[in-house]
Every structure is written in structure tokens, then in C-alpha cells.
Amino acid sequence: MQVHWRQSLMSYTFLAPALILLAVFTFYPLLYGAYLGFTEYSGARFANHLPPQWVGLKNFETVLGDPLFRTALTNSVKYLLVVPALQLASLAVAVLVSKNIPGIALFRAAYYVPVITSVSLAAVMWEWVFNREGTLNWLLRALHLTTPEAAFGWLNNEQWAFWAVMLVTFWRGFGYYMVLYLAGLQAIPEELEEAAILDGASAWQRFWRVTVPLMRPTILLCSLLSTIAALRVLEEVLVLTNGGPLNSTYTALMYVYAKAFQGFDFDYGVASAAGLVVALVALLLSALNFRFFHREEQA
């Protein structure tokens, strides 16, 4: 019994630094932010050293009654369209680069470069691609799909700005999920693949009957991460369009950011309430992901 107690104490001693950091920089801000969602707490109260004032559900009524937030939340939900495209493309390329052929490491590194590229640098590059005289319009003219007179700035067009920003999100996240899928593929025992070959299974049958079932935990993880990332997209929107034109790219997290840090109100209470609504939507979608994959496993 004493030996067991000492082992537990030693384990928690090693865990203590990480737990303290999590408590200070993750759990406390999370709980305090949730508390602020039920209070009135603005920049004026903060400047005058006044504590938050409890207002119950008033902030949630304000948020849900705000047409701008409804537009922002609709855009964030619509942004989820990037998830299946991103996952399918990442998995397909992971299968391609999982082969041990000369020079494949260079391709893996090239696909991962967008992940480590700073947002500001990516914004400069993609603004050049999407502007009126940019690369995309040049390519369309070269393919005779448009004329110089019909060219427009994609980020300034209400119909196309949303999809242009989504393309940047796809480009930035593609390499990250490819690496996760690649790790999952390399964890599959080669004996199973060889057994399927001996049984006469085609490459397509081996993929669906062997690879996909064994990759289900990785697929679930990537689906959860990309769903949450799509709901909380902010950086690309902020640097490329700032929510415009006409709020066509205005997302829920940008609404939270604007309420908390832009303008003169610094309304932390309303911002926290909006953040809680976004978090609730993310939890519901995560639960749907778990339920879907659980049904797949039972089937």
C-alpha cells in the first residue's frame, strides 16, 4: 500500500507542471469566460475597477436577437462545407505519399509548407492571386474562360469572397490533416495488406475493406478537428476581407472578436455569450460525429 502511494505521488509530481499550466492558461480562462457570458462587463467597468454584474440570460437574448450574429453563425455553419472536401483530399494524398518511392519525402514536406506559413504572408500571397490583375484572373483569361473586361477582384465580390476565403482555409489545413492520415496509414500492419492481396482483393477493395475500417479512429479525429476549426475560423477572414463585402464572410468568431476588442464598448459579456453559443454548436456537431462513426462501427 505504501509503495502504491509513493508511485502515485511520484506520478502526480511529474504531472504537476503540465497540470498547473493547463489550470492557469486553459481551465481558468475557460471557466471565467463562461461566467462572463452571464454578466455585464464592459471596458468601462474594467477601467473603473468594477466587478462584473450578474445579468442572467440577458446577453444570450442580445446575441440571439442580433441579425449580425445570426448572419455570422450562418456563415460559420456554411463554412463546414470545407470539411468533407478537406478530409477526402487529405486522405487521398496521404495514400499517395505513403508509398516508399525515391523523393517522396520532398513531396510530403511541400504539402506541409502551408501549415507553417504565417497568416500575414499567406494573406499577401492570396490577395495577389485573387485581385483583379492577379494570377487567378490571368489563368481564366489564358483558358479563354473570361475576358479582361469581365475580370473582378474575387475578395471584393459578395458572391465569391466567401468561397475564396474557404479556399485559403483548405490550402492552409490540407497538409496538417494529410500528416495525421499518413501517421494512421503507417500504423496499419503490412501483414493485413499482404493477406488481402493473397486473397485476390483489388486495390480499391483493399482500401475500403482494410484501410478505411482501420483508419476510422483517425478519420473521426480529423473530422472533429476540422469541424471545430471551420466553426472558429477567424484569421483568414480577418486578414483577407475583415468580414466583407456586405458581411458575406463575417463569421461567428469574428463577431466575438469584434464585440470584445473592436469599437468603443469592449463588451466582454456579450462576446463571452456569443462564444458560448459557438461552443455549444461545436459540441453538438462533435456529438453527431461520434454518433455517426459509432453507427459505422456497429454496422
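Quick definition before the residues: buried means under 20% relative accessible area, exposed means over 50%, and partly exposed is in between, with a 1.4 Å probe and protein chains only. Bear in mind this is a predicted model, where local features need pLDDT of at least 70, side-chain atom pairs count only at pLDDT 80 or more, and totals for chains, interfaces and linings use all residues. Residues are numbered from 1 along each chain as its sequence is written, and side-chain values use heavy atoms, with hydrogens and water left out.

So, how many salt bridges does the structure hold? Two, counting a side-chain nitrogen of Lys or Arg within 4 Å of a carboxyl oxygen of Asp or Glu.

Take Arg172 and Glu235: their side chains meet at 3.4 Å, N to O. Arg172 sits in helix α9, residues 161-186, and Glu235 in helix α13, residues 235-240, so this pair ties together parts 63 residues apart in sequence. By helix I mean a DSSP run of H or I, at least four residues, numbered from the N terminus. Glu235 is partly exposed, at 45%, while Arg172 counts as buried at 17%.

Now the other bridge: Arg172 also meets Glu236, at 3.4 Å, N to O. Glu236 is in helix α13 too, so here the linked parts are 64 residues apart in sequence. Glu236 is buried, at 6%.

Note on methods: Helices (H or I, at least four residues) and strands (E, at least two) are DSSP runs, numbered from the N terminus.
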